[in-house]
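Dear colleague,

I am handing over the structure we spoke of, and my notes on it follow directly below. Please read them with the coordinates open beside you.

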Amino acid sequence: MSGGTNERVTRRPRPAARLRAEHAASYVEGKRVSWVELFYDLVLVFAITKVTHELADDVTWFGLLDAWVVFTPFWWSWVGAGILSNLTDLDHPLRRVRLFGMVLITSMMTIAVPMALDGDGLLFAVLYLLLRLLLLWWAVDGFGALRLNPFSISAVFTAPMLVATSMLSTPHQRIAWTALMSVELSTTWLLRKRLSHIRVDVSHLPERFGLVVILALGMALADSAESIPNKFTTWHAAGLVSVFLLVTGMWWIYFDITHGAISHRLRTENDHSRVVRELLAYGHYALFACICAVAVGIRIILADPRSPAEPASAVLLCAGTGLYLAAFVWSRWGLPRSMSWIRFAGAAAVVPTGFLLHRQSGLALMSGLAVLVCAAAGIEFMMLRAEDELETQQEGGPVLAPAPLDGSRLG
């Protein structure tokens, strides 16, 4: 080795450092998320917030089922639009207008959510049919022909059947819509070979999903204050601090390693459709369900953080937090030396934490979960950093710091 003190040694970093580098590089290479896509993302998160409000008013088994039934059309349509916008150029005026039409329909579906949950689902179903027809038009335009795939199945079968069953009585409509949404979700897996040929932009799609996660976590934090009564007390202030720490820990868990891991999987695997299906479409579907559950639990507990948490709110908060941590064990499994034991242990610790603290007060439960999530994020960060430094010192080279995510990288 020659040269002065500023010369860097080039070598293959450990998985943690490599994933951080992939995370940083994803913002400066390839396709960028457009402004119209961000507009759709914001409307999607508003729709999800509307669903969480409705669930907070009816935290029962039927309420959970109804919330899932109306949440799925929003999410699955957004995923389809996200994949198609990745594969096509949105600079064309017609494609941009088509996406604006989807934004308009999604906004109207959001308004129709309460009616759909009260047994009057015709408007919601018709709007969903229009949304899927727009997606089918986009898919035909993108793939060059009408093909058998999840877009065509949804437009010609699932969505029309949703309209046909929307006038049934509430119990029968619930059964029919549950079956139809199960079909909607399964077609992406059953017809996976029909999309196995797609090659996505490896920087655009992870960035798109990551931005929606940011919006969802931010909305959960901002929306939590709405449940606080006019009389603001120190208990509410402490509750807001706990909520902030919990949401911040969830943010750290996602963006410190996992987001870069998804970009890395797309860059290194030939089957892009498998990564998109498992980690983005289905994986983030689970993440958003967890965020919704946490948001509902927070909303109920913050109304009176001094009292013991109600069983329903405690279960939602604990289940959402635990499953959120557990979901990242799967996302890291396909990477070398990347079994996330810390997150696995954190997810397992949620159950005893909830059991011990839910009878104390809602504030104690939220604080305990916030400490647990932040501790898992902090311990993992310090351990990965210590492992990187130890390996570097053993090799006799300089310590390579993770690539920074400064403002210039974010544009």
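I begin with the aromatic rings, where the count comes to 15 aromatic pairs, a pair being two rings of Phe, Tyr or Trp (its six-membered ring) with centres within 6.5 Å, called stacked if the planes are under 30 degrees apart, edge-to-face if over 60 and tilted otherwise. One of these is formed by Phe 71 and Tyr 285, whose ring centres are 5.6 Å apart and whose planes stand at 35°, so the pair is tilted. Because Phe 71 belongs to helix H3 (residues 61–87) and Tyr 285 to helix H10 (residues 272–302), the pair ties together parts that are 214 residues apart in sequence; helices here are DSSP runs (H or I, at least four residues), numbered from the N terminus. Both Phe 71 and Tyr 285 are buried, where buried means under 20% relative accessible area, exposed over 50% and partly exposed in between (1.4 Å probe, protein chains only). Elsewhere, ring pairs join Trp 251, Trp 252, Tyr 254, Phe 255 and Phe 381 into a cluster.

Before going further, please keep in mind that this is a predicted model, in which local features need pLDDT of at least 70 and side-chain atom pairs count only at pLDDT 80 or more, while totals for chains, interfaces and linings use all residues. Residues are numbered from 1 along each chain as its sequence is written, and side-chain values use heavy atoms, with hydrogens and water left out.

As for confidence, the protein chain has a mean pLDDT (the predictor's confidence in each residue, from 0 to 100) of 83, and 85% of its residues reach 70 or more. Over residues 1–28 pLDDT stays under 50, and the model has 62 contacts beyond four places in sequence for them, a contact meaning heavy atoms within 4.5 Å. Residues 399–411 also stay under 50, with 20 such contacts.

Two arginines lie over aromatic faces (CZ of Arg, or NZ of Lys, within 6 Å of the ring centre and within 35 degrees of the ring normal): Arg 174 over Phe 62, at 4.5 Å from the ring centre, and Arg 192 over Trp 189, at 4.1 Å.

Turning to charged pairs, the count comes to 12 salt bridges, each a side-chain nitrogen of Lys or Arg within 4 Å of a carboxyl oxygen of Asp or Glu. Asp 223 and Arg 299 meet in one of them, at 3.1 Å from N to O, and this pair links distant parts of the chain, with Asp 223 in helix H8 (residues 204–224) and Arg 299 in helix H10, 76 residues apart. Asp 223 and Arg 299 are both buried. A network of salt bridges links Arg 265, Glu 269, Arg 274 and Glu 278; within it, Arg 274 pairs with Glu 269 at 3.3 Å and with Glu 278 at 3.4 Å. Arg 274 counts as partly exposed because its relative accessibility is 30%.

Finally, Ser 166 is found in the loop between helix H6 (150–164) and helix H7 (170–190), and at 1% relative accessibility it counts as buried. Leaving aside residues up to four places away in sequence, Ser 166 touches Gly 119, Gly 121, Leu 122, Ala 125, Gln 173 and Trp 177.

Notes: Helices (H or I, at least four residues) and strands (E, at least two) are DSSP runs, numbered from the N terminus.
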